[in-house]
Amino acid sequence: MSDGRRRRLWLTAGGLALTLGLAGLIVLLVSAGGRTGSTSAVTAVSASSSTISSTSSTSTVLSTVLPAQPAPSGEAFGVSVNRLFNDATYTPSQIDTQLQALRDTGATLARSDALWEASEPAAPVDGVHHYDWGFDDAIAGSLAAHDLTWLPILDYSAPWAQSIPGQDHSPPRSDGDYAAYAQAFAARYGSGGSFWREHPGLPAEPAQTIEIWNEPDNAEFWTPAPNPGGYADLYLAARGAIGAVDPSARVIVGGLTDPTGFLPAMVLDRPGLRGHIDGVAIHPYGTPSVVLSKVRASRATLTALGMPAVPLYVTEFGWTTDPPGALNYVPEALRADYISRTLAALGHLDCGVAAGVLYTWVTPEQDPADSGDWYGIHGPDGAGTRDSAAFTAGLRRATGPGVTIPLCAGSALRGREP
């Protein structure tokens, strides 16, 4: 999705203050559990593993990558919360109020960026990567305190790693450097990760599914132009590195806007991908019927590629209510119905959907000309809205009993590919 607000405002002085404020909130939570710990620890990690070598060939990398995970047994639902953390405008108290309201809907997933530039602002020295986890710790701790599982997007290129200087949406110069970050992230926030050991006062909510980049098939987020083979190499390097420290993690292809075109190109360029993809995230924006038709087309594409059992993760769908005529605009009077109907349907498809995540929970609702300011379904003041009530109702229908919708008949799961 095209959203200028994805530019990371946390880098401002206000963003740094927010990070420190959230860190303090986590310390309070941890103290209540009997232990206080640092939330901005700097970790040094050597990048010597062959799984994250930037010079490894695809075949060499594949030899170190685990077979694909089986599809999850059920479907999870949630909302993006990126604006809560990236905008650097919400206080810890406001974030707490928003996340509690989100959890009260019955949602279990919260999707938000795990910004490489925040965790590794400086280049490695003598092959050793140094990470500052303050920003990510604040997100992990805040979500865990509300029993929400983080669905992180590992993005974008750190300033020192950009293939186009000054453009963080350009792919990294080295897949190995990105994979090193992915590995360090999983070692900290995945199953049995160091963050959970350091914060026993928090309920452990490990990041079980990790999204590699965001919309790599969109020139805005993979600049200057999408590169299916280049992205496939990045995905495989990251998946191998993550699997080395958390074999249970599911590593999924970053949300695609055109999976029917990009996935075949990926497999054509890198045939070895088959059997090594844990899931594919898609962003099927449009009316409810368009959302479902894009899900069906994505499933048919995976089946045609010989990957019928690879699950789909709908990690973005949603609508803005201003300005009229903007991309993904829908009149406010219709949005609640769109939300409820789409969620309800996603919960009962025969398409192998593992997650449904609405974009987005809250936006500032300030600039009438900025469509990104009007995707939020919950009030920026913390108050519930007709849209957040529709989300709750749709979620109940999605997770409740119902007749399976035979949308993908003929593309149904037939067991994992050989």
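Is A144 buried or exposed? A144 is buried, with a relative accessible area of 1%, where buried stands for under 20% relative accessible area, exposed for over 50%, and partly exposed for what falls in between (1.4 Å probe, protein chains only). The residue sits in helix α6 (residues 134–144); helices here are DSSP runs of H or I with at least four residues, strands are E runs of at least two, and both are numbered from the N terminus. Leaving out residues up to four places away in sequence, A144 touches W196, P203 and E205, a contact being heavy atoms within 4.5 Å. A144 and L202 are 58 residues apart in sequence, yet 6.5 Å separates their C-alpha atoms in space.

The model is predicted, with local features needing pLDDT of at least 70 and side-chain atom pairs counting only at pLDDT 80 or more, while totals for chains, interfaces and linings use all residues. Residues are numbered from 1 along each chain as its sequence is written, and side-chain values rest on heavy atoms, with hydrogens and water left out.

Turning to the protein as a whole, 13 helices and 10 strands are found. Of its 418 residues, 57% count as buried. Among contacts between residues at least 6 apart in sequence, 78% join residues at least 24 apart. The accessible surface comes to about 14,700 Å², and carbon and sulfur atoms hold 57% of that area; areas of this kind come from the Shrake-Rupley method with a 1.4 Å probe, and for residues only the protein chains shown count as cover.

Six of its six residues are buried, so β10 is largely enclosed by the rest of the structure. Strand β2 (residues 76–80) runs parallel to β10 and is joined to it by four bridges; strands pair if DSSP finds at least two bridges between them. Within this pairing, V79 has L358 of β10 as its bridge partner. Together, β9, helix α12 (residues 332–346) and β10 make a right-handed β-α-β unit, the hand being right if, with the strands pointing away from the viewer, the path from the first strand over the helix to the second runs clockwise.

Another cis peptide bond joins Y359 and T360, with omega about 5°, and T360 is placed in the loop between β10 and α13 (386–399). D126, in the loop between α5 and β4 (128–132), likewise shows a positive phi, near 55°, but D126 is exposed, with a relative accessible area of 77%.

What about the interior? In soluble globular proteins, nonpolar side chains tend to be buried together. The largest nonpolar core has 94 residues, and F185, I212, Y231 and V280 have the most contacts inside it; such a core is a set of buried Ala, Val, Leu, Ile, Met, Phe, Trp, Tyr and Cys residues joined through side-chain atoms within 4.5 Å. Helix α7 (residues 175–189) gives the most to this core, with eight residues. Neighbours within four places in sequence aside, F185 is in contact with residues including W133, W150, L154 and I210. Another core, of eight residues, lies apart from the largest one and has L109, A281, A354 and V357 among its members.

The structure also holds 22 aromatic pairs, counted when ring centres of Phe, Tyr and Trp (its six-membered ring) lie within 6.5 Å, with planes under 30 degrees apart taken as stacked, over 60 as edge-to-face and the rest as tilted. W116 and Y181 form a stacked pair, 6.1 Å centre to centre with 5° between the planes. W116 lies in helix α5 (residues 116–119) and Y181 in helix α7, so the pair ties together parts 65 residues apart in sequence. W116 is buried at 0% relative accessibility, and Y181 is buried with a relative accessible area of 0%. W222 and Y231 form an edge-to-face pair, 5.8 Å centre to centre with 85° between the planes, and both are buried.
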